[in-house]
Amino acid sequence: MSQYKPTEHDGLKQDGTPDKRVGTGEFAHGQVDPHEAGKAGGQTSGSSGEQYKPTENDGLKKDGTEDGRVGTGEFAHGKVDPVEAGKAGGKSS
């Protein structure tokens, strides 16, 4: 005897009720209009215009203070001499 497959019977179980595991073929199971979702995609709530980016303003925040998340472009933020670090690398103590 073969096993009953809801996918072969329009997504219905043997008793005729819908099997929720079977997809409807609709975007978000028909609960969301794909055109409206596409229009809203990429937009964040409450934002208007361009967002301030410290990386585009010499690493400074809006208030002019330094943003610690933006790199200085120096090896190890200038705390280590790269030549000395290279000489020490590979040597075991």
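A contact, in the sense used here, means heavy atoms within 4.5 Å. Among contacts in the protein chain between residues at least 6 apart in sequence, 0% join residues at least 24 apart. The structure is a predicted model, in which local features need pLDDT of at least 70 and side-chain atom pairs count only at pLDDT 80 or more, while totals for chains, interfaces and linings use all residues. Residues are numbered from 1 along each chain as its sequence is written, and side-chain values use heavy atoms, with hydrogens and water left out.

## The chain as a whole

The protein chain has 2 helices and 0 strands, where helices (H or I, at least four residues) and strands (E, at least two) are DSSP runs numbered from the N terminus. Buried residues make up 6% of the 93 residues in the chain; buried means under 20% relative accessible area, exposed means over 50%, and partly exposed lies in between, with a 1.4 Å probe and protein chains only. The chain exposes about 8,600 Å², of which carbon and sulfur atoms supply 49%, and such areas come from the Shrake-Rupley method with a 1.4 Å probe, where for residues only the protein chains shown count as cover.

## Salt bridges

Side chains of opposite charge can pair when their charged atoms come close. A salt bridge is defined as a side-chain nitrogen of Lys or Arg within 4 Å of a carboxyl oxygen of Asp or Glu, and a search of the whole structure finds 3 of them.

| Salt bridge | N to O distance |
|---|---|
| Arg21 and Asp19 | 2.8 Å |
| Arg69 and Asp67 | 2.8 Å |
| Glu84 and Lys87 | 3.7 Å |

Not counting residues up to four places away in sequence, Asp19 touches Pro6, Gly11, Leu12 and Lys13. Glu84 and Lys87 are separated by about one helical turn, because they are 3 residues apart in helix 2, and Glu84 counts as partly exposed at 46% relative accessibility.

Asp10, in the segment before helix 1, has a positive phi of about 55° although it is not a glycine, and Asp10 counts as exposed at 78% relative accessibility. Asp58, placed in the loop between helix 1 and helix 2 (82-88), also has a positive phi, near 55°, in a residue other than glycine, and Asp58 is exposed at 75%.
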